[in-house]
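Hi,

Here is the structure I promised to pass on. Have a look, and then read my notes below.

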Amino acid sequence: MGGDNGTEITEFILLGFSGFGFLQDHLFWGVLCIYVVTLLGNSLIILLTLADSALHSPMYFFLRHFSVVEILYTTTIVPRMLADLRSSCHTIPRASCFTQMYFFALFGVAECCLLTAMAYDRYAAICCPLQYTTLMNQGTCASLVGASYFAGIITGTIHSVCIFTLPFRGANTIHHFLCDIPPVLRLASASTFWGEVGKLFITVAFIFTPFLLIVASYTCIIATILGVATSEGRQKIFSTCSSHLFVVILFYGTATAAYIRPQEDSLGDKDQILSIFYTVVTPMCNPFVYTLRNKEVIGAMRRLM
């Protein structure tokens with residue numbers, strides 16, 4: 001309930017899509033279908049990369065963990081969203097809000113770091129083919145995946161603990177469909193300076209820096225592609241990393257549009273729609289992006305059948 005005259009808030013209200021009126025029923029069924037497809041598609045990728053020996057390479061090792069993170073990432077958000085779309089009561093206990101924020105940050109940062117690891121794998125395969133097996137040995141791959149999860153744990157812990165140790169004694173309405181960091185931080189009744197500093201540090205360290213590393217990897221890859229003599233050779237090399245590049249653009253494009261904006265512009269319905277793209281739609285697209293144009297995955301599907 002909302003706090004008053006020093007009473008600490010014990011519940012928040014997720015405003016969600018209350019402004020969409022009659023569209024909420026359509027949104028419920030649309031999100032439910034997307035969620036089911038996300039679970040089935042990413043589960044299929046996990047099964048294929050485990051069962052088929054032809055897919056036991058570093059690229060598919062990273063893809064398997066990426067699919068695991070996608071399932072956990074969207075499951076942190078969608079079930080609660082679906083329940084709110086079908087209910088008139090949108091309250092969420094403070095402890096549940098803390099938990100959702102923690103896992104949302106954890107899996108979001110882990111996804112950013114895994115995208116960076118996948119970009120490095122493509123860089124090693126294309127720019128350093130003779131040293132590829134040495135650079136991307138089993139220990140290196142396991143370390144990169146472990147570092148991705150560790151970065152997510154550190155981020156989730158710092159953000160959620162720092163924010164929820166602040167006092168909340170005023171308004172308790174969150175203008176979002178999840179307990180994301182910016183809208184919850186705005187409700188704190190004390191100075192949020194250190195919360196903003198922590199948010200900036202984590203953003204630079206675990207989101208912006210991985211993005212710069214991805215850009216650096218693809219700069220080297222593009223330079224290598226341009227150095228190939230034949231157009232057929234260039235096309236073959238580019239096809240090996242086009243799927244990953246598309247996922248990077250889709251994820252970072254929508255997330256950046258939602259977060260890198262003035263605060264006064266980030267409370268409306270546009271922010272909700274953008275958030276749906278990188279929290280719900282993107283995890284569904286990934287299985288299709290990595291399978292429809294991938295002959296190895298298609299072949300593994302046929303063998304499994």
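First, a definition for the holes: on a 1 Å grid over the protein atoms alone, a cavity is a set of points where a 1.4 Å probe fits but cannot get out, a pocket is an open set with protein on both sides within 12 Å along at least five of seven lines, and lining residues have an atom within 4 Å of a point. Volumes are the space filled by probe spheres set on the points, with grid points joined across faces, edges and corners.

Bear in mind that this is a predicted model, where local features need pLDDT of at least 70 and side-chain atom pairs count only at pLDDT 80 or more, while totals for chains, interfaces and linings use all residues. Residues are numbered from 1 along each chain as its sequence is written, and side-chain values use heavy atoms, with hydrogens and water left out.

Cavity

The count comes to one cavity of 30 Å³ or more. The largest cavity has a volume of about 60 Å³, and its lining is made up of Leu14, Leu15, Gly16, Phe17, Met81, Asp84, Leu85, His90, His176 and Phe177. Helix α3 (residues 78-85) gives the most to that lining, with three residues; helices (H or I, at least four residues) and strands (E, at least two) are DSSP runs, numbered from the N terminus. By class, the lining of the largest cavity has six nonpolar, three polar and one charged residues. Here Ala, Val, Leu, Ile, Met, Phe, Trp, Tyr, Cys and Pro count as nonpolar, Asp, Glu, Lys and Arg as charged, and the others, Gly among them, as polar.

Second largest pocket

This pocket has a volume of about 680 Å³. It is lined by 26 residues, and the closest to its centre are Met59, Arg122, Ser239, Thr240 and Asn294. At least two lining residues come from each of α2 (58-75), α4 (94-127), α9 (231-239), α10 (242-259), α11 (269-292) and α12.

Helix α12

Which residues of α12 (residues 295-304) are buried? They are Val297, Gly299 and Ala300, where buried means under 20% relative accessible area, exposed over 50%, and partly exposed in between (1.4 Å probe, protein chains only). These three cover an arc of only 160 degrees around the axis, which puts them on the same side of α12; the arc is that of the directions from the helix axis to the C-beta atoms. Lys295 and Arg302, on the other side of α12, are exposed.

Sheet and aromatics

There is an open sheet of three strands in the order β2-β1-β3, with mixed pairing; two strands pair if DSSP finds at least two bridges between them. The edge strands are β2 (91-93) and β3 (173-174). Strand β1 (residues 11-14) runs antiparallel to β2, joined by three bridges, and Phe12 stands opposite Ile92 in β2.

The structure also holds 11 aromatic pairs. Rings of Phe, Tyr and Trp (its six-membered ring) pair if their centres lie within 6.5 Å; planes under 30 degrees apart count as stacked, over 60 as edge-to-face and the rest as tilted. One of the pairs is Phe12 with Phe164, edge-to-face at 6.3 Å centre to centre and 85 degrees between the planes. It links strand β1 to helix α6 (residues 138-164), with the two residues 152 apart in the chain. Phe12 is buried at a relative accessible area of 0%, and Phe164 is buried at 10%. Phe12, Phe98, Phe164 and Phe168 form one aromatic cluster.

Cheers
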